[in-house]
Amino acid sequence: MSVALLVFPDFMLVALGWALRHKLGFSREFFAGTERLVYFVLFPALLFQSILRTPITAGNAALLLQATAAVVVSGVALAWLSGLLLRPSSLALASSAQCGYRFNTYIGLALSASLAGAQGQTVMALIIGFAVPMANVAAVYGLARHNGGNLLRELARNPLVVSTLLGLACNLAGLHLPGPVDTVLARLGAAAIALGILCVGASLAWEGGKGYGPLIAWMLSVKLLALPAVALLVAHLLALPPLEARMLLLFAALPTASAAYVLAMRMGGDGRMVAVLISLGTLFSAATIPMWLLVVGHA
């Protein structure tokens, strides 16, 4: 089956989410509640369990950590480079920079399973586990510096950061969940991806980018074009195995996280502009993700 057909079902879920919100009468409040459920309960359960189940050795963990860090740091640097070249307002830069390196975990875990089964999803969970704290530190720091927020407080109450660190700590300590608890987390996690992707579609918005054309184009180019190229280079330099290289490329090619809008709104940023960036990135990634996966598939 072609790569385009493999990724098609998940982008159909994005379209269904948009239709439910804008054409079929499901309210903003309904999806806001669903997004909170996914963000604070379902997805942390999925992330924690996936990382806990992932066989982590010093060797593979160190290699994937290096590769993930290289991609995230490159995204942060390229995103903030726009401040020197385009000279946007500090508010616009602080709000939009996170869209250059944050990633949609719902789409990433769904596509990794479609492309490489449980093994691919396990590798993606480990990459995400390393990347979530780094990306959130960078995003929260940028907005906290702009509006005087507290970086440590924002990180300490971020459910993705907390569940990631707990999963890694329990994994390295050799802990295992009791059967009933593991079953409960598995069922919560099973609901996370489909509901999360529906919420991505429901959150798509197209108004709010007026006057920010160059900045929006820059962030989209960084996220969808530059970072996948960086991932290919990093995978080659570190001699990653084929599966890890493919998952790193998929991770780098993901559109921006919907949570970027939530963070921008909560910390006094320009949420409307971020919503446009998320929407355009999600739309364009339906074409760019298959393109990059075909590149690595024939490399």
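Predicted model: local features only at pLDDT ≥ 70, side-chain atom pairs only at ≥ 80, totals over all residues.
Residues are numbered from 1 along each chain as its sequence is written. Local features need pLDDT of at least 70, side-chain atom pairs count only at pLDDT 80 or more, totals for chains, interfaces and linings use all residues, and side-chain values use heavy atoms, without hydrogens and water.

Helices are DSSP runs of H or I, at least four residues, numbered from the N terminus. Leu109 touches Phe43, Leu46, Gln121, Met124, Ala125, Ile128 and Ile193. Contact means heavy atoms within 4.5 Å; residues up to four places away in sequence are not counted.

Leu198 lies in helix H8 (residues 179-202). Its relative accessibility is 16%, so Leu198 counts as buried (under 20% relative accessible area; exposed is over 50%, partly exposed in between; 1.4 Å probe, protein chains only). Beyond four places in sequence, Leu198 touches Leu13, Leu16, Gly17, Leu20 and Phe31. The C-alpha atoms of Leu198 and Val132 are 21 Å apart, at a sequence separation of 66 residues.

Leu81, Leu84, Leu85 and Leu86 make a nonpolar surface patch of about 360 Å². Patch residues have over 30% relative accessible area and no salt bridge, with nonpolar side chains joined within 5 Å. Leu86 sits in the loop between helix H3 (58-85) and helix H4 (90-96). Leu86 is partly exposed because its relative accessible area is 34%.

Technical notes. Patch = residues over 30% accessible without salt bridge, like charges linked within 9 Å, V, L, I, M, F, W, Y side chains within 5 Å. Areas by Shrake-Rupley, 256 points an atom, 1.4 Å probe, with all protein chains shown as cover. Salt bridge = Lys/Arg side-chain N within 4 Å of Asp/Glu carboxyl O. Helix = DSSP H or I, 4+ residues; strand = E, 2+ residues; numbered from the N terminus.
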